Amino acid sequence: MVGASIVTLILLGAGGYLYREYQKREALRSVEIHLEGIQVRSIGATSASLEIRLRLHNPSATTATLDRADYSVYGNDIHLGDGRITERVDLPPGATRTVTTPFDLSYSGLLSTLWEVLKGENITWRITGKAYLSTPLGTLTVPFDEKIG
C-alpha cells in the first residue's frame, strides 16, 4: 500500500512538472519579437560594428524563457550577415524586455549598400530568425521576421 502511494506521488509530481514545461513552451510560442532598432557603433577598415535591439513581449500568463536565437540582418533587402543571441532571457507574464546584441558587418561584396547603411540614410532594416526554447519535451522553435525603416 505504501509503495503504491509513493509511486502515485511520483507520477503526480512528474505529471505536474511536464504540465508546467508544456505551459512554458506555449508561453514562448506566444512571445512577440519586434525589431526596436539598429545602430552603427563603430566603423573600421574592413568591417563595422552594429548594435541590434529586439523587444520581447510575453502576453501569456506563464513565464517564457528564451534560450537562444539565430538571426539574419538585411539592409534594403540585401543580406548583410547572420548573428546569434546566446543570452538566456526570462520573460515573466505580461513583461516586456529589450535584448541588445552586437553584430559585426563585413564590407566584402557590399560596398554600395554598405555605404548607405553606414550613412544611415534611406535604410529599411529587416531581421529574420528563429528563437529557441529547450525543454524536457524537446526544443521549440519560434520564427520571427521584423522590418523597420
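Reply: Happy to! Let us begin with a charged pair: Glu 51 forms a salt bridge with Arg 53, their closest N and O atoms being 3.9 Å apart. A salt bridge here is a side-chain nitrogen of Lys or Arg within 4 Å of a carboxyl oxygen of Asp or Glu. This is a predicted model, in which local features need pLDDT of at least 70, side-chain atom pairs count only at pLDDT 80 or more, and totals for chains, interfaces and linings use all residues. Residues are numbered from 1 along each chain as its sequence is written, and side-chain values use heavy atoms, with hydrogens and water left out.

Me: Is Glu 51 buried or exposed?
Reply: The cut-offs decide this: buried means under 20% relative accessible area, exposed over 50%, and partly exposed in between (1.4 Å probe, protein chains only). Glu 51 has a relative accessible area of 17%, so the word for Glu 51 is buried.

Me: Which residue in strand β1 is linked to Arg 53?
Reply: Arg 53 forms a salt bridge whose closest N and O atoms are 3.7 Å apart, and its partner is Glu 36. The pair links distant parts of the chain, 17 residues apart, with Arg 53 in strand β2 (residues 47–57) and the partner in strand β1 (residues 32–43). Helices (H or I, at least four residues) and strands (E, at least two) are DSSP runs, numbered from the N terminus.

Me: How many salt bridges does a search of the whole structure find?
Reply: Another one joins the side chains of Asp 70 and Arg 68 (3.1 Å, N to O). Arg 68 counts as partly exposed because its relative accessibility is 30%. Searching the whole structure gives a total of 8.

Me: Why is strand β4 largely enclosed by the rest of the structure?
Reply: Strand β4 covers residues 68–75. It is largely enclosed because the number of its 8 residues that are buried is 7.

Me: Which residue in β5 stands opposite Ala 69?
Reply: Two strands pair if DSSP finds at least two bridges between them. Here 7 bridges join β4 to strand β5 (residues 78–85), and the two run antiparallel. Opposite Ala 69 stands Ile 85.

Me: What is the phi of Asp 77 near, in degrees?
Reply: Most residues other than glycine have a negative phi. In the loop between β4 and β5, Asn 76 has a positive phi of about 50 degrees although it is not a glycine. Asp 77 lies in that loop too and counts as exposed at 56% relative accessibility. Its phi is also positive, near 65 degrees.

Me: Is Ile 10 buried or exposed?
Reply: Ile 10 is found in helix α1 (residues 2–29). Its relative accessibility is 55%, so Ile 10 counts as exposed.
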